[in-house]
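I opened this notebook page to record what I looked up in the structure, beginning with the aromatic side chains and moving on to helices and backbone details.

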Amino acid sequence: MYSLLKDFSERHKKSVIECAQELIRIPSPTYHEGKAAQWIEQRMNELHYDKVFQDHVGNVVGIIFGRESNTTVLLNSHIDTVHADSDLWNGSPFSGRIENQRIYGVGASDCKGGLAAQMYAGDLLKRSLLPLQGNLVVAATVREENGRSVGIRTLVEETLPEQGLQPTYAILGEPTDCGIYYGHDGWVKIEVCAEGVNPFQVDDAAEAIFNDFHAATQRRSGASSSEGMVVSHPRFADEQGYRRATIEVERRVRPTEAVDEILDQMRREVSLLANSMTGVAVKVDVCQQAGAAVPHTMPSIVNAWSIDPFSRLIDKSRQALIAAGMEARPGKWKLEHRGMGTAGGALVKQFNIPTIGYGPGSEYLAHTPDEYVEIKKIHETLLGTAVIVQNLIGVPVFGWSSDDEI
């Protein structure tokens, strides 16, 4: 069975790389994914998915129907990228050029290389004629890079139920360097505001709050800000007879923690300080994110998530990769760049869908100038995704060599 998939994947090697290059050449920053979405829809139709369409927010969905509808595997990668500063790139961020067996361009690792691999994994399964018991959905979603996963939420809440589908498992094409990733920590940005009529009292209060949280930062993480909290210096504003000081605190959130509990803890700490602050009112809340490309404000939260490393999804994925003679390396995203996240936060925490990441890119190259993805990793992800899906929802095929069986 896996020998057959390997043979067909060899025939796809050129096409999947050309697909990744073309995706990179179409700019698709968050809220401007339309042209890329149209191209993806056209390519999925050319690959003869059973059904292809765009939903009302711009997600592109390709479906291969199985014999039964009890189980559905969702392959998901986001279309959008961060904005690229051309001045920082060695060449065009949208060139999709190949150099030293790497494809360069914004979104190459995060995650257009993964999207191309997932699109062609569906085609690989369809062309191999290996029957599927369950359904396969390949979804290219929008509005992920702002960390709020608007596209994936719409997909699971509205789009797929309208098709009579509910994902049993999800596989993200986010950058994992071809490892099987099963979670990551999150981040929350919290705003502490102190205000009052007397500017000296407000300034003293802001200094006390900043010093308290800065000390907490050192206790939590030592010299490594990526492991704990980052506290900004106070910003001051005077308006309508009031002095206001604002301090922003970015805090890493572990999968076992809840943002509401973190907020309550910070409010208690600030309340204790506020008892000695005459004439100063203090408020603690999650920052609201807005921007020119964002039509409404959203809380600055990236949800932490994790699934059981011994779950059926990971076990079946490992078995499939090992049987196909491929590496099966477990891990978690580090998310060294604050504010980064994946759709797993919504899929696992909100919808209770077991989710893993399996993609060709490197998370350390995401959101950086001269981002690239290795060609061999795209090829590996193409085959690896296909064998994982086959093991999850494929009809058992007998008569193959023992080397191909799980």
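**Entry 1: aromatic rings**

I began with Tyr104 and Tyr372, and I noted that both residues are buried, where buried means under 20% relative accessible area, exposed means over 50% and partly exposed lies in between, with a 1.4 Å probe and protein chains only. Before going on I wrote down that this is a predicted model, in which local features need pLDDT of at least 70, side-chain atom pairs count only at pLDDT 80 or more, and totals for chains, interfaces and linings use all residues. Residues are numbered from 1 along each chain as its sequence is written, and side-chain values use heavy atoms, with hydrogens and water left out.

I then looked up how many aromatic pairs the structure holds, and there are three. Rings of Phe, Tyr and Trp (its six-membered ring) are paired if their centres lie within 6.5 Å, and planes under 30 degrees apart count as stacked, over 60 as edge-to-face and the rest as tilted. Because Tyr104 belongs to strand E5 (residues 102–104) and Tyr372 to strand E20 (residues 372–374), the pair ties together parts that are 268 residues apart in sequence. For these labels, helices (H or I, at least four residues) and strands (E, at least two) are DSSP runs, numbered from the N terminus.

I next checked Trp305 and Trp333, which also form a tilted pair, at 6.1 Å centre to centre and 55° between the planes. Trp305 is in strand E17 (residues 305–306) and Trp333 in strand E18 (residues 330–333), so this pair ties together parts that are 28 residues apart in sequence. Trp305 is buried at a relative accessible area of 0%, and Trp333 is buried at 5%. I also noted that ring pairs link Tyr181, Trp305 and Trp333 into a cluster.

**Entry 2: charges over rings**

Which ring does Arg97 lie over? I found Arg97 over the face of Tyr104, at 4.3 Å from the ring centre, and Arg11 over the face of Phe8, at 4.3 Å from that ring centre. The criterion is that NZ of Lys or CZ of Arg is within 6 Å of the ring centre and within 35 degrees of the ring normal.

**Entry 3: helices**

H9 is mostly covered, since 17 of its 19 residues are buried.

The axes of helix H7 (residues 312–323) and H9 come within 8 Å and cross at roughly 120°, which makes H7 oblique to H9. Axes are lines fitted to C-alpha atoms, for helices over the stretch in contact, and angles run from 0 to 180 degrees between N-to-C directions; angles under 35 degrees count as roughly parallel, over 145 as roughly antiparallel, 65 to 115 as roughly perpendicular and the rest as oblique.

I also looked at helix H1 (residues 2–25) and H3, whose axes come within 8 Å and cross at roughly 140°, and H1 and H3 are therefore oblique to each other.

**Entry 4: backbone details**

I found a cis peptide bond between Asp110 and Cys111, with omega about -15°, and Cys111 lies in helix H3 (residues 108–128).

Gln240 has a positive phi of about 50° although it is not a glycine; its place is in the loop between strand E11 (235–239) and strand E12 (242–253), and Gln240 is exposed at a relative accessible area of 80%. Asn352, also not a glycine, has a positive phi of about 60°; I located Asn352 in the loop between helix H8 (344–350) and strand E19 (355–357), and at 65% relative accessibility it counts as exposed.

**Entry 5: distances along and across the chain**

Leu172 lies in strand E7 (residues 169–172) and is buried, at 1% relative accessible area. The C-alpha atoms of Leu172 and Leu74 are separated by 8.3 Å, although these residues are 98 residues apart along the chain.
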